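I opened this entry to keep track of what I looked up, one topic at a time. The notes follow the order in which I checked things.

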Amino acid sequence: MKVPNVLAIDAGGTMTDTIVIDDEGRFTIGKAQSTPYNESIGFLASLDNALGYWDMKTEYAISSLETAIYSGTTMLNRVLERKGSKVGAIVTKGMEHYFRLERAKQTYMGYSYQDRFHAATHIHNEPLIPEEYIRGVRERIDVMGDIVIPLYEHEVKPAVEQLLDQGVEAIVINFIYSYRNGIHESRAKEIAQQVLAERKVNIPIITASEFHPIRGDFPRMNVVTLEAYAAEGSRAQLRKIDQELKKRKSKFDLRVYVQSWRGN
């Protein structure tokens, strides 16, 4: 009798594929329509489809598995379809136009060489954080990590309050040279958490110096923005799949496959 050993899941925007491998290396493949509102539904349908070729019950298969690996486009689709969280940002005063500036390549990618030379034909992407949800506060850390201008703490609290009044669901904090010294971001986060406690609000506060302390300001801003905008919703989908596996007596935690890719 076949003993299922490994389960792999690939949840795409249209279809969810599963592959089950038994203890002798034999495998079966299933496919079902993806269910973006609750990926566990499409996953179970795809798994049932795969196990149908072996005339096997889902409960037996899951209880026999040693591991399950997930790969999917949940987070990417959330970004592309603009269905992420409403995010606010607190940045160094004067840097409120991060997303308006973009990077040059983002405005002409895919254009002919002739059009690349004419800025009038370039397209500016709609930012994940609109400028009205970005607040600047005065502070400055220099390139060596030394404090040049102390954090104007009295500007942080109203910035957080204004963003909360606008209904943001997460706040990111990204100051210049915070990768060298994150003291101002840490203090701003403390103040923000105090405001949340006063208002009895529970939303994520993500600082760039903690989450992704790299040198470039704009790449750092992009990473923390994506984390706040799309990551938590994606984690919720993974938790649903893991919970469904646990209900069916799985003995492992769902693992996630991450492909590393570097563009030109």
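With which side chain does that of E190 meet in a salt bridge? I found that E190 pairs with R187, at 2.9 Å from N to O; I note that this is a predicted model, so I read the distance as a property of the prediction.

**Entry 1, the salt bridges around R187.** Both E190 and R187 belong to helix α8, where they sit three residues apart, about one turn of the helix. I kept the general point beside this: an α-helix has 3.6 residues a turn, so residues three or four places apart point the same way. R187 also forms a salt bridge with E153, for which I noted 3.1 Å between the closest N and O atoms.

I checked the length of α8 (residues 183-199), whose 17 residues should span 24 Å at 1.5 Å a residue, and its end C-alpha atoms are 25 Å apart, which agrees. Its buried residues are H184, E185, A188, K189, I191, A192, V195 and L196. Seen down the axis of α8, these fall within an arc of 165 degrees, so they line one face of the helix. They pack against several elements, including β8 (147-149), α7 (153-165) and β9 (170-174), whereas the face turned away from the buried side carries the exposed residues A197 and E198. Just after α8, I noted that K200 takes a positive phi of about 60 degrees.

I recorded 19 salt bridges in the structure. One of them joins E244 to R248, with the closest N and O atoms 2.7 Å apart, and E244 counts as buried because its relative accessibility is 16%. I also recorded that E227, E232, R235 and R239 are joined into one network by salt bridges that share partners.

I traced an open sheet of five strands with mixed pairing, in the order β3-β2-β1-β4-β11; its edge strands are β3 (27-33) and β11 (255-256). Strands β1 (residues 4-11) and β4 (residues 67-72) run parallel and are joined by six bridges, and within this pair L7 has A68 as its bridge partner. Helix α1 (residues 39-52) packs on the sheet, its direction making about 140 degrees with that of β3, while helix α10 (residues 217-247) lies across β1, β4 and β11, at about 155 degrees to β4.

Definitions and conventions: Residues numbered from 1 in each chain as written. Predicted model: local features only at pLDDT ≥ 70, side-chain atom pairs only at ≥ 80, totals over all residues. Heavy atoms only, no water. Pairing = 2+ DSSP bridges. Helix = DSSP H or I, 4+ residues; strand = E, 2+ residues; numbered from the N terminus. Contact = heavy atoms within 4.5 Å. Axes fitted to C-alpha atoms, helices over the stretch in contact; angles between N-to-C directions. Expected span 1.5 Å × (residues − 1). Buried < 20%, exposed > 50% of the residue type's maximum accessible area, 1.4 Å probe, protein only. Arc of directions from axis to C-beta. Salt bridge = Lys/Arg side-chain N within 4 Å of Asp/Glu carboxyl O.
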